[in-house]
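Please keep the sequence and the model in view while reading.

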Amino acid sequence: MSLEFRSECDDIEEAKSPSNTSVAAVAVKNADASVYKIIHGYLKQKNNSIIRVAANVARKAASNKLSRKTSDVFDTLLQKQQSKLGNKAGPLLSGICYCIASCSMILLNKVVLSSYNFDAGISLMLYQNLISVVILLVLELFRVISTEELTWKLIKVWIPVNLIFIGMLLTGMYSLKYINVAMVSILKNMTNIITAIGEIYIFRKGQNKKVWAALFLMIVSAVYGGITDLSFHLVGYTWQILNCFLTAGYSLTLRRLMDTAKQSTKSGSLNEVSMVLLNNALSIPFALILVVIFDEWEYVYQAEVIREPMFWVVATASGLLGLAISFSSVWFLHETGPTTYSLVGSLNKIPISIAGILLFNVPVSVENFCSIVFGLFAGIFFAKAKMS
């Protein structure tokens with residue numbers, strides 16, 4: 001043996017002696033676990049080389065390390081599988097919620113305005129927006145959501161957007177009062193045409209040939225649908241055409257003022273929940289002014305329908321669904337993307353149109369039904385053309 005190895009053996013034998021037992025115990029207690037394993041293995045194998053003992057310990061450590069790696073790989077695979085299941089469920093669940101909320105909102109508004117013959121669209125909008133604001137404030141109070149502080153600087157920037165938003169809601173309600181749901185869905189395609197033209201002049205954004213072909217099909221379906229509509233109502237069509245212009249104006253104005261609005265906040269950002277609260281909260285004072293100007297408060301006070309409990313149930317449900325649309329659309333957009341969102345939005349018009357015809361006993365001719373189907377597929381073609 002070498003001098004260094006003999007010296008190490010002497011030290012270990014000295015540690016084994018009875019006189020130094022307590023010292024050895026303290027040394028073992030305070031030593032590193034790996035060093036203790038090497039020494040303990042050497043004492044058990046006495047005549048074997050310390051290198052062999054160290055190799056055995058190293059082999060065991062490597063085995064433990066390998067088992068840990070195997071466990072880590074297993075955990076990673078399990079996490080990926082759980083994530084995969086979550087990724088599949090998220091878009092499906094959010095899409096179902098968005099479709100249900102959107103369909104139900106339109107149908108309930110039709111029930112309130114048409115079936116109950118409620119002729120106060122401004123008051124209905126005021127009630128729905130008030131419900132949304134109360135719910136959002138309660139959720140913020142319990143720290144479920146977070147919104148931006150409504151400063152006067154932000155309000156001044158947002159007022160043009162809010163005025164268009166109010167006009168969009170009101171014209172949409174009045175059109176539903178006079179037009180059947182299926183034709184409203186088809187005429188809403190005109191919004192895409194106005195938006196596409198606005199993008200050219202405001203944002204200098206061109207459209208491809210497929211988009212223009214889809215827009216042309218939408219025009220044809222809308223015109224043919226109006227001609228063959230057995231329940232044609234000029235006032236209702238006027239409200240709906242105005243609604244298309246305001247809806248397109250809302251999206252274009254919102255896109256143009258978004259950066260300015262973000263700069264007007266304290267955090268430098270403006271999330272979707274804050275925009276929902278901003279729109280609904282600012283609409284309340286304007287709606288109150290309109291209620292007074294058009295004497296709706298007197299009509300609402302004298303209307304017999306407001307004394308029916310079921311009317312308030314339906315009106316409240318429509319307000320809750322309005323907020324549900326805001327949350328579900330944001331959730332669905334986050335889970336999928338703008339392309340899937342726009343495509344599902346176009347597909348969503350199909351069940352709305354069918355439900356509107358069946359639930360409200362709308363008289364439909366073969367020609368009008370064909371124009372509705374043609375318009376629905378034109379909307380789907382437009383969504384796919386925008387993706388390319």
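The model is predicted. Its secondary structure comes to 16 helices and 0 strands. Of the 388 residues in the protein, 39% are buried. Among contacts with a separation of 6 or more, 85% join residues 24 or more positions apart.

**Packing of H6 and H11**

- Helix H6 spans residues 152–178 and helix H11 spans residues 272–293; the two pack with their axes 8 Å apart, at an angle of about 70°.
- That angle makes H6 roughly perpendicular to H11, because angles of 65 to 115 degrees are placed in that class.
- The crossing of H6 past H11 is right-handed.
- On the H6 side, the contact is made by Leu154, Ile155, Trp158, Ile159, Val161, Asn162, Leu163, Phe165, Ile166 and Leu170.
- On the H11 side, the residues met are Met275, Leu278, Asn279, Leu282, Ser283, Phe286 and Leu290.
- By class, the contact of H6 with H11 holds 14 nonpolar and 3 polar residues, and no charged ones.

**Packing of H8 and H10**

- Helix H8 (residues 190–203) packs with helix H10 (residues 234–263) at an angle of about 35°, and their axes lie 8 Å apart.
- H8, too, passes its partner H10 in a right-handed crossing.
- H8 contributes Met190, Thr191, Ile194, Thr195, Gly198, Glu199, Ile202 and Phe203.
- H10 contributes Cys244, Phe245, Thr247, Ala248, Ser251, Leu252, Arg255 and Arg256.
- The contact of H8 with H10 has 8 nonpolar, 5 polar and 3 charged residues.

**Nonpolar cores**

- The largest nonpolar core has 33 residues, of which Phe118, Leu124, Leu136 and Ile306 touch the most other members.
- Two or more residues of this core come from each of helix H4 (50–115), helix H5 (121–141), H6, H11 and helix H13 (309–335).
- Not counting residues up to four places away in sequence, Ile306 touches Phe118, Val300, Tyr301, Phe311 and Trp312.
- Another core, of 16 residues, lies apart from the largest one and includes Val181, Ala182, Ala222 and Leu376.

**Ser123 in H5**

- Ser123 is found in helix H5.
- Ser123 counts as buried because its relative accessibility is 14%, under the 20% cut-off.
- Leaving aside neighbours within four places in sequence, Ser123 is in contact with Val291, Glu296 and Val300.
- Val300 is also touched by Ile306.

**Residues with positive phi**

- Asn117 lies in the loop between H4 and H5.
- Although Asn117 is not a glycine, its phi is positive, at about 55°.
- Asn117 counts as exposed, with a relative accessibility of 52%.
- Asp295 is located in the loop between H11 and helix H12 (296–302).
- Asp295 is a residue other than glycine, and its phi is near 55°, a positive value.
- The relative accessible area of Asp295 is 43%, so Asp295 is partly exposed.

Conventions:
Residues are numbered from 1 along each chain as its sequence is written. This is a predicted model: local features need pLDDT of at least 70, side-chain atom pairs count only at pLDDT 80 or more; totals for chains, interfaces and linings use all residues. Side-chain values use heavy atoms; hydrogens and water are left out. Axes are lines fitted to C-alpha atoms, for helices over the stretch in contact, and angles run from 0 to 180 degrees between N-to-C directions. Helices (H or I, at least four residues) and strands (E, at least two) are DSSP runs, numbered from the N terminus. Angles under 35 degrees count as roughly parallel, over 145 as roughly antiparallel, 65 to 115 as roughly perpendicular and the rest as oblique. A crossing is left-handed if the near helix is turned anticlockwise from the far one by less than a right angle, and right-handed if clockwise. Contact means heavy atoms within 4.5 Å. Ala, Val, Leu, Ile, Met, Phe, Trp, Tyr, Cys and Pro count as nonpolar, Asp, Glu, Lys and Arg as charged, and the others, Gly among them, as polar. A nonpolar core is a set of buried Ala, Val, Leu, Ile, Met, Phe, Trp, Tyr and Cys residues joined through side-chain atoms within 4.5 Å. Buried means under 20% relative accessible area, exposed over 50%, partly exposed in between (1.4 Å probe, protein chains only).
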